[in-house]
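Q: I would like to go through this structure with you. Could we take it piece by piece?

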Amino acid sequence: MSSRIPEEKIEQIRKTTDIVEVISDYVQLKKQGRQYTGLCPFHGEKTPSFSVSQDKQLYHCFGCGAGGNVFSFLMEHEGYSFVDAAKQLADRANIELPVSNQREANPNSPQKMMMDGHELAAKLYHHVLTLTEEGSGGREYAKARAFQKEQLEHFQIGFAPNRWDSLKIILEKKEFNLDVMANAGLLGTRESDQGHYDRFRNRLMFPIWDGQGKVIAFGGRSIGDEKPKYLNSAETPIFHKSKILYAIHLARPSIRKENAAILFEGYVDVVAAWGAGVKNGVATLGTALTEEQAKLLRRNAETVTLCYDSDRAGIEAAFRSAGILEQVGCHVKIALMPEGLDPDDFIRKFGADRFKTDVIGASLSLMAFKMRFLRKGKNLQDEGERLRYIEEVLTEIASLPRAVERDHYLRQVAEEFSLSLDALKQEQFQIYRAKKQQKGSDKEQPIKRTTTKALSQKKLLPAYKNAERLLLAHMMRDVEIAEQVQERIGGQFNVDEHHAIAAYLFAYYGEGNEADPSRFVQRLDDPTLMRIASELAMLPINEECSDQEIIDYMKQIENYPKWVDIQQKELLMKQEHDPVAAARLKMEIIQMKKQLH
């Protein structure tokens with residue numbers, strides 16, 4: 001696995017890197033005892049089942065079974081090769097890798113070239129905006145939008161000159177393949193002669209980063225009358241709009257600190273809000289919120305406040321986004337914008353303090369927002385419209401998961417319209433029951449049944465399988481126990497994967513290595529074995545176990561094949577019609593059972 005990087009370098013990276021710090025860039029982790037837990041980044045879940053051990057430098061998800069060490073985490077989450085994961089961690093730890101090995105990561109691959117091209121373009125655009133005469137138009141526009149120097153620096157905002165070849169000339173000089181740069185969305189291609197030109201011109205440029213802060217795309221805001229007003233990079237091999245949130249890597253520390261994120265509709269709003277002191281803002285990139293983006297938010301925060309425009313499209317988008325966020329387990333709030341203003345306009349008109357207090361600070365719960373929306377345009381003095389409003393509100397209340405919330409809003413409606421609380425509760429329950437019957441066998445039910453089955457299977461594991469799991473867990477932590485097991489039962493594990501892990505472990509210790517679960521897991525080439533070994537290494541076991549406990553585990557393992565033979569004999573005995581033959585089988589079974597003790 002690591003043949004292209006010297007083993008001592010891999011070991012240096014592993015020892016220097018803290019898995020909790022690395023995974024915290026992707027998942028909001030909370031300390032629980034000796035472990036850290038969070039929502040699994042590899043499958044959708046609302047209740048944390050993802051566990052990270054700082055002591056063992058391993059992770060394991062008890063929901064989907066994903067597991068491994070810091071290298072495998074990056075490989076699985078980011079799609080890196082082992083060499084790329086090692087290089088990423090080496091850069092993080094300021095460990096220099098041999099130049100020859102760095103070349104093996106294939107810096108000339110199209111994707112690497114696309115990343116490098118974007119990095120170069122971001123530096124060029126920022127330089128043009130801040131230090132050149134060509135950037136004067138961009139500076140004037142930024143000034144008109146009240147962007148301060150700190151905002152321009154923090155978000156590395158730049159300016160694409162009003163020329164056809166500014167970026168193209170630089171890319172050519174740096175020997176970039178222009179066809180690859182066109183595929184990356186930085187250049188356009190003329191149909192007439194297949195020549196290339198700058199795709200972005202005369203625009204304020206906003207770099208778009210991946211989760212780790214690498215530039216992968218751009219958003220361009222025209223400073224004149226050019227159409228479209230906003231021009232975003234198209235989808236490319238390195239940029240997928242549905243998976244990215246603007247400025248997530250910049251906002252992550254504040255989001256984690258406050259356990260809350262503010263979701264805006266565009267990058268200009270994020271920049272303006274940051275200037276107003278709202279540091280935990282992110283935005284979608286011109287598309288509706290996706291489930292993948294919602295899960296990314298949930299892994300970083302429990303509460304998400306939607307701060308969208310107040311027009312009809314903005315309200316509909318807020319409803320749609322709120323539904324997706326609630327499905328992944330977020331607590332959703334809505335920040336109301338005055339009619340006709342977006343966050344950027346509001347801040348310029350009324351100032352930072354009022355934005356923080358009157359908009360973000362005055363956010364409504366989702367239910368309160370829905371009630372306000374449902375009464376819009378209705379004449380509640382009219383009996384028919386009033387009853388329709390109450391029925392719509394009761395339908396929304398019926399979908400609330402918590403009884404306390406339902407009771408709170410029912411009392412609110414009862415008080416406002418002088419209605420009987422009991423009557424409202426009865427009506428709300430009838431709506432709830434009708435909705436439940438209509439859903440029938442909902443999508444959630446098969447998932448719940450599967451999960452319950454999986455959990456019960458783990459709890460009801462056969463004795464021999466439990467013994468093998470616990471024995472391997474001890475062996476990974478203690479060389480002497482491993483030697484004791486090797487001497488008595490060798491590779492006689494009954495589960496194929498356990499047999500393979502034991503064989504690898506005997507070889508690992510045979511090379512003179514010390515007990516180190518993370519290092520051992522690193523040596524496993526097979527992803528399935530890596531996941532199982534990670535889970536076993538994180539099993540809670542009695543560190544001070546007795547010799548008798550280890551012997552009992554080995555007896556369970558040795559006896560299992562004998563029990564299988566006994567069960568087969570018992571089956572034969574039941575099917576035997578000859579009493580003498582049946583008696584003979586009975587005696588054989590008795591003798592076999594005696595040998596088990």
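Q: How many residues does helix α28 have, and how far does it reach?
A: In this predicted model, helix α28 (residues 579-594) has 16 residues and spans 23 Å from its first C-alpha to its last, close to the 22 Å expected at 1.5 Å a residue, where the expected span is 1.5 Å times one less than the number of residues. Helices (H or I, at least four residues) and strands (E, at least two) are DSSP runs, numbered from the N terminus.

Q: Which residues of α28 are buried?
A: A581, A582, L585, I589 and M592 are buried, meaning under 20% relative accessible area, with exposed over 50% and partly exposed in between (1.4 Å probe, protein chains only). They lie on the same side of α28 because they cover an arc of only 100° around the axis, taken from the directions from the helix axis to the C-beta atoms.

Q: What covers them?
A: The cover includes α27 (547-575), contact being heavy atoms within 4.5 Å.

Q: And which exposed residues does the opposite face carry?
A: P579, V580, R584 and K594 are exposed on the face turned away from the buried side.

Q: Turning to the sheet, what is the strand order?
A: The sheet is open, with 5 strands in the order β1-β2-β3-β4-β5 and antiparallel pairing; two strands pair if DSSP finds at least two bridges between them.

Q: Which strands stand at the edges?
A: β1 (30-32) and β5 (67-68) do, each with a single partner strand, so one side of each has no neighbour in the sheet.

Q: How many bridges join β1 to β2?
A: 3 bridges join β1 to β2 (residues 35-38), and K31 has Y36 in β2 as its bridge partner.

Technical notes
Residues numbered from 1 in each chain as written. Predicted model: local features only at pLDDT ≥ 70, side-chain atom pairs only at ≥ 80, totals over all residues. Heavy atoms only, no water.
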